[in-house]
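Good morning, and thank you for coming. Please have a look at the structure on the screen, and then I shall take you through a few of its parts.

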Amino acid sequence: MTPVYLIASSDECPAYASVLVDCPGVSEAYTYQIPRGWRVQGGDVVEVPFGAQVVRGIVLEVLTTLPPAVDSQRVKALLAIVDQRLFPKDYWAVLEQIAQYYCTPLIQVVRTALPPGVLGRSQRRVRLRPQQGIPPLSEQGQHLLRFLQSKSGGDYSVRYLQQQFSKVQRPLSELERLGLVETYLAAPSTQQPKRQQVVVLLRGKAGEELTQRQRRILHYLQQQGRDCPLQEVLKAMGTTPATLRRLADKGYIAIVEQQCCRLEQGVAVAPDAPKVLTPAQATALEQILQHLEDGKTFLLHGVTGSGKTEVYLQAIAACLQRGKTALLLVPEIGLTPQLTDRVRARFGQRLLVYHSGLSEGERYDTWRLTLLQEPRVVIGTRSAVLLPLVGLGLIILDEEHDGSYKQDHPQPCYHARTVAEWRSRQQSIPLILGTATPALSTWQAAQLGQIHYLSLPERIHSRSLPPITVVDMRQELFRKNYSMLSLLLQEALDRLNGQQAILFVPRRGYSTFVSCRSCGTALYCPHCSVSLTAHLFGDNITVLRCHYCGYQQAFPQRCPNCDSPYLKPFGGGTQRVVTELNQRFPQLRVLRFDSDTTQRQGSHRQLLSRFAAGEADVMVGTQMLTKGIDLPQVALVGILAADSLLHLPDYQAGERAFQVLTQVAGRSGRGSSPGRVILQTYVPEHRVIQAVKEYDWKTFATQELSDRQPLGYPPHAQLILLRLNSPDPEQVSTTALAIAQQLQTLPPIAEGTWEVLGPAPAAIAKIADRYRWQILLKGSPKNFYQLSKALCDLKDQCPRSTRLSIDVDPLNFL
């Protein structure tokens, strides 16, 4: 229900608010009385009593009379107004569309969109009371009391205690009855704007004498030309608060408290001017600028290094000149520091950054700034598409094909590209989808004329794409080369001559699995249906890790099945490649770029900066290397184990393999020196490998679309994936079967426009001790909304321990 923007005034007759509360399992709105003297309007965040707890919610509507179905004796009053005007009037239509399309309660969509700390619920907590003596207690009561006494503060949430003790309710009631502890309801934490003291320059009183230090302070403030934070002045001038107070007493300055914004500042960059465009860039930009007033979608299809970013920047500049805000989405903000720096160099303080890696305060303040009618550039990951963005004039998705734009968990499982298309049409603004390797759905839409096609077929400065040499690794075995590096790649690495190389490896770690050479037993995670990955620390494999649940154990000395000492790692990851490089090429300086080496904030930028500064000759990395990296000194790209991208149980494997291999190949030859790519494979005849070798996207896409059509796979049809998981393997299989049987009775399925595939265990049947089943629905998009309404009711039929997730247009089937 879209909020109605009426205001309840203070002294009028009693008014009521229809509130969408933030509580699991609750989807309808509840009516509350607005206390006299309060001004409330639709879109305000309020605190309300709900059962035995206090929750937050969104005011949907202000009512002058009580609805007939509501008992006036049971209506409670609002407790507090937490935040006001967080939702523009046209913003709710987007949230409602997301809720409807992705089969998710509206409050869950609101919770996903809002920055952390705005919504929330009260928390039942336990704390120790002053003790005069301890009466006799049960064994469980003694155990719980010792636990509370052993921790500083002795104040914990009931939920935390339930996680620590299998049965906590009885001993907790015992301690509470005897007066040893007390339980209380803690209000939700509140996110508020930050305030700080600032120094304001005034005229001063005539005739007042100033010391030399006071004159320097005034000169500093005059140079800054703005109100300066108190701590900044103290640090810059090496002075004390007392000195500033004396200046304030003389009337030269005032020290006041002001609201300040917590924003991601980035690094200092030199200002940048627009570049001269190539004819293809100029044509693309001209067509975009002709449609700044309508909701047209453009596919900007440019080969790697063709200058798509410059087209983005000049289109953004035109948007800002019209007083509008531009939104630039990137797959992963931590992997694209170069793009962020280019935007900051071009637009300076008008840049806002929004992603989950920011602090809660930074996200909250950025959200508030996007509510202002002020032209800005907002760069962020998929969550940024959910910002309110008042005055939005342009949306850009860089690397629009990237799977990171799709959320798999939790619901809503939205795709940022889909939401961007809705916002583009709703506000009649252009949407630019930029990539060298389009998603097949985007490509088909362009071929059918549903979106406008723009081409950048050549690299800037007429540089050629690097030739790709395919190495048949089967022949390497005949030559008795058992290394992960082909002889051709070894020779190329040995002749870098001051240039740099990138080696792409699909997996991180040292080896993909560990197996016993005596009995063949592979070491698996005890909590998941996946093998453990060996990780190297120092010169030895010491740790085995699960990349799904995080479980880790020491590398065993003997096989747990047959007690054999012959355990051997198989397969190869980034660590193994680095080890081999260090052994074969001690003269080369090597960096590793994967999720193990980039866990700390800012580590992506640090590693890329070191490589760009020439501190390393070779960078070994995973798919991170394919995103937003522009390194002119890279003249060689080596692709290892390309086959692992091809042989996945997924109809999209070929499409993704082409995209990844082409993107990583495009990192080579961006500077003045020509580039080179060496692609290693055991299936050189595979059509994906052959298409990548020729950079032949059009032929590959045509064949791939043709292959999918008889099978009814997207983009020729639509998919909905139902994921179920439970700690009880029998319960989840029984529930999946019951849901599949019920689905057969729904009209779109009974009429044959949709079909049910499954239920079946997921490809990875267990993760974190929860067993997983899946049901796949496939059918015509025309009947989608008729089906989606029925899917929203399925969760009510699941047992308490079984979770059901509905993923519309899924990309991940594992």
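I begin with a pair of helices in this predicted model. Helix α6, residues 212-224, packs against helix α8, residues 241-249, at an angle of about 80 degrees, and their axes are 11 Å apart. Angles of 65 to 115 degrees count as roughly perpendicular, so α6 is roughly perpendicular to α8. Which residues meet in this pair? From α6 come Arg213, Gln214, Ile217 and Leu218, and they meet Thr243, Leu244, Arg246 and Leu247 of α8. By type, the residues of this contact are four nonpolar, two polar and two charged.

Let me turn to a sheet. As a general point, the strands of a sheet pair through backbone hydrogen bonds, either parallel or antiparallel. Here, three strands make an open sheet in the order β9-β8-β10, with antiparallel pairing. The edges are β9 (155-157) and β10 (181-186); each has a single partner strand, so one side of each has no neighbour in the sheet. From one strand to the next, the twist averages 30 degrees. Strand β8, residues 123-128, is joined to β10 by six bridges, and leucine 128 has valine 181 in β10 as its bridge partner. Helix α3, residues 139-150, lies across β8, β9 and β10 and runs at about 85 degrees to β8.

Glutamine 450 sits in the loop between α14 (440-447) and β20 (452-456). Is glutamine 450 buried or exposed? Its relative accessible area is 59%, and exposed means over 50%, so glutamine 450 is exposed. The C-alpha atoms of glutamine 450 and threonine 297 are separated by 8.4 Å, although these residues are 153 residues apart along the chain.

Conventions:
Residues are numbered from 1 along each chain as its sequence is written. This is a predicted model: local features need pLDDT of at least 70, side-chain atom pairs count only at pLDDT 80 or more; totals for chains, interfaces and linings use all residues. Side-chain values use heavy atoms; hydrogens and water are left out. Helices (H or I, at least four residues) and strands (E, at least two) are DSSP runs, numbered from the N terminus. Buried means under 20% relative accessible area, exposed over 50%, partly exposed in between (1.4 Å probe, protein chains only). Axes are lines fitted to C-alpha atoms, for helices over the stretch in contact, and angles run from 0 to 180 degrees between N-to-C directions. Angles under 35 degrees count as roughly parallel, over 145 as roughly antiparallel, 65 to 115 as roughly perpendicular and the rest as oblique. Contact means heavy atoms within 4.5 Å. Ala, Val, Leu, Ile, Met, Phe, Trp, Tyr, Cys and Pro count as nonpolar, Asp, Glu, Lys and Arg as charged, and the others, Gly among them, as polar. Two strands pair if DSSP finds at least two bridges between them.
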